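Me: I have a structure to go through and I'm new to it. Can you take my questions as they come?

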Amino acid sequence: MSLCRQQIAEGVYFNTVRDSRFKTMKLSVNLFVPLSEQTASANALLAGVLSRSCQAYPDFTALSRKLSALYGADLTVSCNKLGETQVISVSASGLDDRYALDNESIARELSGLLCGVIFAPNLVGDAFVTEEVEQERRQLLDLIDSEYNDKRVYAIARMIELMCTGEVFGIRRYGTAEAIQTVTPASLYEAWKNLLRNSVAEIMYIGDSAPDQAISVFTEAFRAVDRRPCALHSEIVREAGEVKRFTETVDVSQAKLVMGFRAGTALPEKGITAAALMCAILGGTATSKLFCNVREKQSLCYYCAARYDKYKGIVIIDSGVEGENIEKLERGILKEIEDMKNGEISEFEINSTKMAIINSYQSSNDTVSGIESWYASQLMQDGFKSIEEACEVINAVTKEEIVAAANRLRLDTIYVLKNQEGEQ
Amino acid sequence: MNKTEIKSLRAGDSYYKLQHSSGLTIYVYPKEGYRSSYAIIGTKYGSVNNCFSVDNGKKITVPDGIAHYLEHKLFESAEGDAFTRYAETGASANAYTSFEKTCYLFSCTDRFEESLEILLDFVSDPYFTAQTVAKEQGIIGQEIKMYDDSPDWRVMFNMLENMYHNHPVRIDIAGTVESIAEITAEKLYDCYHAFYNLHNMALCVSGNVTVEQVLAICDKMLKPCEKHSIQNYFEDEPDEIVNPYVEQTFPVMMPMFNLGFKEKPVPLNEKKLAAIDVLLFMLASPTSALYRELMDHNLINNSFSYELFDGPGYCSVIFGGESRAPQQAAEMIKQYITRMKTEGLDRDDFEVARKSVYGDVISSLNSVSAIANTVMGYHFSDNELFAYIDAVADMTFEEVSACLSEMLDVNNCTLSVVKGSDTEAADE
């Protein structure tokens, strides 16, 4: 695969990957803005409202029926944070025109529809429709509450919040329930105008046919906006003070342990590759140190995973464990890290982890979403690497660099979610 | 050896079915231009097969959760574990146990043959000792406890327990901490020898592969296996549900529900499956009047979903999701179904649903993992993927209407609710 990238307006890029192997096409618009307490909630709510309806299909049922009639096409939105940037993504995917039963052009209709939901939403004067806003507000509040339902997700989110209190990264991707409550149909209209004006926009197209029509509708739409794209930046914190410890109790049968570390490097620095590899050797595969020792040898847990966030430069290790074994697990995890710092990493561990990472890179080329995320994950970097180039970079990492990456780790926060003492 | 090509003009794809001399059924679905390959081997043996005999021998009853336990332990051999061997080839490996099957899989972009050898080798080479069995207790014990804390999992099993009187589908796939304590190496061998017979298994490979490549490895690795007959015993299951309502208090802020309709457990062919898929889409997808009504009354959010849940000796239709008022949501679903049964379905809805279900299945053929898993599932239920695609494309309104009249009895359903204590959530 190869990417064709062109600028179509100030801070707006159209990225094309032509590929005939797939039965579907996908077009996504990714809008990047600085994460902030003032705007995070309104942007998250906006994402939901935009995907519900538009001028052409002014209610949810009409829009859903249109999509389904296009052979089950999907229109999805997501709201995420990459480091200290909030990303609102709206995407449309559907069958390639070759498979239409009645020879319709699905791609043409979908690009028009996607442009419509972003640039021609369902408005009443300078405000969104009240009922639509209320529906999405309710659902967004539900979504925030539902994150507490899944204790693994909840524990990780709490740890990040506590570790990064006072940093922009401590803000949740949807902001807060309180802020969501204060958004009005008119303030949402302002948020929409600001998002179109201030975001950095990256449009991704993956499909068989040429996206000429999509390029022209989006070029026209964005050129009509007075574009003032803002600068994007994430603060890297490299040192940690005394370890912060938090324990919360709730009626669970399994305790959760989440440990947060400063990794000492993040985008756009070169050190991210060694940090990612170090983290995978520690706890990213079924032959990682944590899997082999903490799970297999000590039988302490079912999962114990380490992941590196290259945008913010932190490492998170999380596990589910019997309440009485929390301290044993914590010691077990720290011992594996200590070993890595002391250079106890075998050639086998390095080579097999490199192969596992390369396998996942190469596999990503075989799905539409894989290709999309391959490039999307590099949108915040300077320039794009092909899969081959990324494999070369991984292969070039030396043991010394991995050990150095381990030695940059600073334990910052330990969060435990567990039962009241004595309860079962 | 018997080799059949299965083609679909609509999908523009074809794949091969082979009956290998060892007894194994093999499917190869090449994907042109793909770099990756995905292989999965499965046995028709899952958590529901807890009482069986072989060749009319002694009836054996085994502890709950043993199929899943066996899946964990099969990765080990006297020389070490399979993950370490895969680490040499770079493949990404995994396994899963469901109600009706156990599967082992890997995906790779290089050294496919070596990885396939590893897969076929460890699956045909059980190694269970008292020590290795004991070691797994802690790991699976934590897996069970993780699921005990999962409201989605609990809300479903509470529903199944209140829908099925006797059928083992009501039992958690992983068993309980107590039941797995009864598992021994000997019992694992009993199950292994009964169900891991190549005649009871299938291999599906998709992606950057050829029939010749797969066959060469199978010829090298697989020894002919004597066919035996497996008898599974299930207690008689009444047609009626056990209880119409069950509730559990849980540390959640968003209450959840599953509304399950108990259906007759008859085997479903491609046509019937297609009709049910189109019907459920018409009734409950985001395009439906029901979905709109539930949303307008704030009774669901976009976590709402539906599924046909069927396997050997059980069949049900489940509607579920998060709701702040699950009982009202369930009532509205039942009323809507009753109304559709009397007033009849809408022809426009049918056309929208048929195209959408068709689009979804064609889209799934992009993915090597989706292909291999689907082909495996169809193999064990005696169906075929492309026949299903044709059945969707050729579906008629009348067939779907007939389907509705036979299903979804509003007097034979169970509502399961998981909700927070009053301090965590206000409900109704």
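Me: What is phi of Asn298(B) near?

Reply: Near 60°, a positive value in a residue other than glycine.

Me: And how many other C-beta atoms lie within 10 Å of Asn298(B)?

Reply: There are 17, so Asn298(B) counts as partly exposed.

Me: What about Asp382(B), where is that found?

Reply: Asp382(B) is in the loop between helix H13 (368-380) and helix H14 (385-393) of chain B. Its phi is also positive, near 60°, and the residue is not glycine.

Me: Is Asp382(B) buried or exposed?

Reply: Exposed, because 10 other C-beta atoms lie within 10 Å and the cut-off for exposed is 12 or fewer.

Me: Changing topic. How is chain B divided into domains?

Reply: The domain assignment gives domain 1 as 2-232 and domain 2 as 245-419 in chain B. The C-alpha centres of these two domains of chain B are 27 Å apart.

Me: How many residues are in contact between domain 1 and domain 2 of chain B?

Reply: In chain B, 39 residues of domain 1 are in contact with 33 residues of domain 2. On the domain 1 side of chain B, the elements that each supply at least two residues include strand E1 (2-8), strand E10 (102-108) and helix H5 (151-161). H5(B) has the largest share of that side, seven residues.

Me: What classes are the residues on that side of domain 1 of chain B?

Reply: The side of domain 1 of chain B that touches domain 2 has 20 nonpolar, eleven polar and eight charged residues.

Me: Now chain A. Which domains does it have?

Reply: Chain A is split into domain 1 (4-223) and domain 2 (244-418), with their C-alpha centres 30 Å apart. Their contact takes 23 residues from domain 1 of chain A and 23 residues from domain 2 of chain A.

Me: Which elements give two or more residues to the domain 1 side in chain A?

Reply: For the side of domain 1 of chain A that touches domain 2, they are strand E2 (12-18), strand E3 (24-34), helix H5 (151-163) and strand E8 (200-207) of chain A. H5(A) gives the most, with nine residues.

Me: Where is the cis peptide bond in chain A?

Reply: The cis peptide bond joins Leu267(A) and Pro268(A), with omega about 5°. Pro268(A) is in the loop between strand E10 (255-262) and helix H9 (272-283) of chain A.

Me: How many residues of chain A and chain B are in contact with each other?

Reply: 50 residues of chain A are in contact with 52 residues of chain B. Among the elements of chain A that give two or more residues to its side are helix H4 (130-149) and helix H12 (347-364). By class, the chain A side has 18 nonpolar, 22 polar and ten charged residues.

Me: Which residues touch the most other members of the largest nonpolar core?

Reply: Met278(A) and Val278(B), in a core of 262 residues. Beyond its neighbours within four places in sequence, Val278(B) is in contact with residues including Phe350(B), Val357(B) and Met395(B).

Me: Back to the whole of chain B. Why does its radius of gyration agree with a compact globule?

Reply: A compact globule of 428 residues would have a radius of gyration near 22 Å, and chain B has 23 Å. Buried residues are 51% of the 428 in chain B.

Me: And what is the mean pLDDT of chain B?

Reply: The mean pLDDT is 96, and 98% of the residues of chain B reach 70 or more. Over residues 423-428 of chain B, pLDDT stays under 50. Where pLDDT is low, the predicted coordinates should not be read in detail.

Conventions: Residues are numbered from 1 along each chain as its sequence is written. Chains are lettered from A and ligands numbered from 1 in the order in which they are written. This is a predicted model: local features need pLDDT of at least 70, side-chain atom pairs count only at pLDDT 80 or more; totals for chains, interfaces and linings use all residues. Domain bounds come from an automatic or database domain assignment. Two residues are in contact if their C-beta atoms, placed from the backbone, lie within 7 Å. Helices (H or I, at least four residues) and strands (E, at least two) are DSSP runs, numbered from the N terminus. Ala, Val, Leu, Ile, Met, Phe, Trp, Tyr, Cys and Pro count as nonpolar, Asp, Glu, Lys and Arg as charged, and the others, Gly among them, as polar. The radius of gyration is taken over C-alpha atoms; the globule rule is 2.2 Å times the number of residues to the power 0.38. A residue is buried if 20 or more other C-beta atoms lie within 10 Å of its own, exposed if 12 or fewer, and partly exposed in between; C-beta atoms are placed from the backbone. pLDDT is the predictor's confidence in each residue, from 0 to 100. A nonpolar core is a set of buried Ala, Val, Leu, Ile, Met, Phe, Trp, Tyr and Cys residues joined through C-beta atoms within 7 Å.
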